[in-house]
Structure formats: structure tokens, C-alpha cells
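Colleague: I've got a model open and would like to learn how to read it. Can you take me through it?

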Amino acid sequence: MTRRRTQVAIIGGGPAGLLLGQLLHRAGIDALLLERRSAEYVLGRIRAGVLEQGTVDVLERAGVAARLREEGLVHDGVEIGFQGRRHRIALKSLVGKSVTVYGQTDMTRDLMEARAASGADSLYEAEDVQLHDIGGTQPRVSFRHRGASHEIDCDFIAGCDGFHGVCRPSIPANQLSVFERVYPFGWLGLLADVPPPWSELVYANSERGFALASMRSPTRVRCYVQCGLDERVEDWSDVRFWDEFRRRIGEEIADQVTLAPSIEKSIAPLRSFVVEPLRFGRLFLAGDAAHIVPPTGAKGLNLAVSDVCYLHEALRDYYRERSERPLDEYSARCLRRVWKAERFSWWMTRQLHLFPGDAFDRRMQQTELEYLFESKAAQASMAENYVGLPLEAR
Ligand code: FAD
Ligand code: PHB
């Protein structure tokens with residue numbers, strides 16, 4: 001068995017783990033990153049596409065925004081389709097901020113390249129990662145890599161290993177409060193190389209269920225339709241997908257949609273989930289390891305970024321000033337932002353999907369949307385949340 005030491009062991013090489021590694025590197029803090037999958041696998045996962053301005057600012061500060069600045073698509077508005085009409089929420093003119101369309105895959109690649117350039121250590125395909133002594137001051141991480149056993153001594157462990165990772169379950173169950181809502185549907189997503197015939201994202205509430213018209217670049221679309229939890233991707237040919245998407249997204253767009261072949265198709269369940277607190281001893285949870293939002297509000301990746309920004313500040317202050325206080329405040333600081341994004345994502349999900357509820361629920365949904373389209377105040381509230389609530393300054 002080989003044994004080594006690092007200041008911070010980062011578990012998980014998704015956007016949370018990679019960004020934390022980059023921010024710590026710039027603060028002169030040594031971190032080793034362990035990822036269960038291969039780098040190619042991580043890059044092949046198609047997920048988020050919308051970055052808040054606050055997220056772009058953190059990426060700038062981390063020194064990984066050069067390509068994002070070049071290729072990111074700045075959107076000043078977003079549209080909601082309902083009963084055959086499209087209603088624009090003018091983000092920029094309502095609240096003075098925009099969002100940037102830039103794929104999670106691209107952001108992940110930028111972070112992987114920066115990490116490789118910095119010489120910081122990452123181990124991909126790390127198997128059987130286990131945490132030890134997290135309640136004490138000398139935690140350890142054991143794992144296997146290329147057939148050999150390894151152990152790392154560290155000061156802290158950052159649990160950035162997503163919803164299905166090992167870190168959250170390593171905390172004694174009686175130390176965590178869990179809050180959860182599972183929705184009775186999923187999203188079926190399709191990626192295709194064809195120029196989007198829409199200039200801003202369109203979230204559509206239709207009688208047949210939700211649909212979203214998004215994009216990754218001027219030549220690549222990303223589209224979703226609400227689907228049943230028991231449905232299988234194999235049952236959705238491209239033709240069936242485009243047919244359903246066109247029926248839901250509204251006539252005007254439907255007429256312009258090209259039935260392009262998919263380059264990726266996948267189903268994601270929808271869930272709201274939070275654990276409290278985000279810390280146990282020397283283990284700190286960040287991103288999807290600690291909380292999940294349904295993708296309707298485009299908040300998951302942005303929350304991972306704000307957690308990691310707060311965590312790196314707390315670790316930096318610990319090493320600079322030997323002050324534990326920022327570490328003690330980490331969880332509460334994150335949760336204030338997390339819960340507001342949970343509320344917004346839950347609200348967007350409720351207003352835009354077809355639920356099994358009764359006629360009263362459907363009327364409430366209709367009334368909520370009508371109110372939104374008529375009221376500048378309601379639009380400003382939605383816009384304020386969609387572009388992202390501000391990160392707390394230290
Ligand atoms: P992950 O990306 O899940 O990364 C965790 C990493 O840990 C993974 O690479 C995993 O392999 C690794 N890991 C797991 N277990 C272990 C282990 N035992 N040992 C070592 N490594 C391990 N968010 C937005 O903000 N905007 C959007 O528009 C948006 N759209 C979305 C659309 C869809 C369809 C989906 C599914 C999600 C979307 N999200 C969106 C959410 C966003 O993708 C996630 O919130 C984000 O990936 C969280 O990053 P993370 O690093 O915390 O977790
Ligand atoms: C995406 O482009 O994948 C996307 C955009 C907005 C969302 C969710 C996903 O709310």
C-alpha cells in the first residue's frame with residue numbers, strides 16, 4: 001500500500017470538485033482529486049447549459065473563463081410558451097442581468113485543462129474510495145487505483161461526488177436532516193447538431209406536458225420533453241422525440257424544427273433534495289452531494305459553483321489565519337442560498353409540468369402563469385431568481 005499526504009482530498013471530478021481544485025491551487029493550497037470514472041466518461045455526460053452571471057464571475061476569478069468569454073452565448077431574456085403563445089421574460093431590462101449559455105461539458109473541459117496545466121494531481125478511475133476518521137482532526141481516504149491500494153492523509157475532505165457518491169453516506173445518519181420531494185416524471189433530453197431556430201430558451205407548458213427548447217452553440221440544440229418515470233430511452237426514436245417536442249413547443253417553432261439525428265439522448269428523474277448541515281467534522285459537502293434541484297430553474301450547476309466558492313474562501317482563511325470560524329459558517333452560508341434556489345426550482349417545476357393533480361391544481365397553474373404574463377412585479381421576481389441571487393460577500 002502506498003501512503004501520501006495532501007492538504008485537501010477532493011472526492012469527485014465533476015464541476016464542483018474540479019473548480020474547487022482550481023480555486024485552491026490559486027490560493028496555494030495543495031489538493032488531490034479522486035474521480036471514480038474516466039475523464040472521457042465525465043466529459044461525455046450531457047447536463048447543464050445555463051450559467052448565472054455570478055457563476056461566470058467565479059470562473060473569471062478562477063482563471064478559466066477565456067473560452068467561455070469567446071463562445072458563451074449571452075441571453076438577455078427567456079420565453080415561456082403557454083396555450084399557443086410565447087411570453088418573453090426580459091431578464092436584462094427587468095433586473096439588469098443576463099445568463100450565459102455554455103455547456104457543463106465545455107466548462108468541465110476548461111477546468112480539466114487548467115488542472116493539467118497547473119500540474120495538480122488527479123486520479124481518474126479511483127475505485128472503492130472510503131473515508132476514515134472524518135470526525136477527528138486527521139482524516140484519511142483509502143482507495144484502489146490500477147490494482148494497487150492507496151491511502152491519503154489530509155487536513156480536510158471535500159465531498160464533491162454528486163448525489164450517488166460515497167461522502168454523504170459516510171456521515172452518521174443521525175447527524176443529518178434530509179428534505180426531499182420526488183416528482184412523478186422525468187426529462188428526456190436530446191442533443192443534435194443543427195442551428196436552433198429559437199434565439200432564447202423556450203420553456204413550454206402544454207396539455208401534453210412540458211418541453212424545453214435550449215441550445216449549446218449556434219449550431220447545436222438541446223431539447224427536452226417531460227416523460228414518465230417508467231419510460232426507456234430505447235423506446236424513443238429520434239422521430240418520436242421530435243414529433244412529441246413539436247406538438248408541445250408551439251406551432252411557430254414546430255414549423256421551423258429540423259428533424260436532426262440525435263448525438264445523445266438520456267432520461268433524468270426530477271428531484272428536490274437537501275441535507276443539513278453540509279459538514280461533519282473534517283468533511284465538507286458541496287454541490288449535488290449535498291442538494292439536488294429539478295433542472296427546470298437551471299440552478300444545479302450554479303449552486304455547485306457557489307458552494308465551492310464559499311468552501312475555498314473558508315479553507316483559504318483557515319490556512320492563512322488558522323481561523324476555524326469561516327469553516328464553522330460554511331454550511332449555514334451555503335444553505336441560505338441553496339434553499340432559495342430550491343424554492344425557485346420547485347416553483348418553476350410546479351408551474352410548467354403536467355401533474356397528475358385535479359382540475360383545481362390545473363386552474364391554479366393557469367392562473368399563476370396568467371398573473372406572471374400580466375404583472376411586471378411577478379416577472380421581475382422570476383427574472384431575479386433566474387439570473388441568480390447574489391453570492392454573499394465575505
Ligand atoms: P456531479 O457533476 O455529479 O459530479 C460528481 C462526480 O463525482 C462525478 O464525476 C462522479 O463520477 C464522481 N463520483 C461519484 N461517486 C464517487 C466516488 N465514490 N468516488 C470518486 N468519485 C465519485 N444545472 C444548472 O445549473 N443549469 C442547468 O441548465 C442544468 N441542467 C441540467 C439538465 C439535466 C438533464 C441534468 C441531469 C442536470 C442539470 N443541471 C443543471 C444540474 C447540474 O448538472 C448538476 O447540479 C452538476 O453536475 C453538479 O455538479 P457536481 O460536481 O456537484 O456533481
Ligand atoms: C440545458 O440546456 O440543458 C438546460 C437549460 C435550461 C434548463 C435546464 C437544462 O433549465
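This is a predicted model: local features need pLDDT of at least 70, side-chain atom pairs count only at pLDDT 80 or more; totals for chains, interfaces and linings use all residues.

Colleague: What radius of gyration does the protein chain have, against that of a compact globule?

Modeller: The radius is taken over C-alpha atoms, and the globule rule is 2.2 Å times the number of residues to the power 0.38. For 394 residues that gives a value near 21 Å, and the protein chain has 21 Å, so the two agree. Along the principal axes, its C-alpha atoms fill a box of roughly 60 × 40 × 40 Å.

Colleague: How much of the protein chain is buried?

Modeller: Buried means under 20% relative accessible area (1.4 Å probe, protein chains only). Here 56% of the 394 residues count.

Colleague: And how do I check the span of helix α6?

Modeller: Helices are DSSP runs of H or I, at least four residues, numbered from the N terminus. The expected span is 1.5 Å times one less than the number of residues. With 15 residues (104–118), α6 should span 21 Å, and its end C-alpha atoms are 21 Å apart, so that agrees.

Colleague: Which residues of α6 are buried?

Modeller: They are Q104, T105, D106, M107, T108, D110, L111, M112, A114 and R115. After α6 comes G119, with a positive phi near 80°.

Terms used:
Residues are numbered from 1 along each chain as its sequence is written. Chains are lettered from A and ligands numbered from 1 in the order in which they are written. Side-chain values use heavy atoms; hydrogens and water are left out. Helices (H or I, at least four residues) and strands (E, at least two) are DSSP runs, numbered from the N terminus. Buried means under 20% relative accessible area, exposed over 50%, partly exposed in between (1.4 Å probe, protein chains only).
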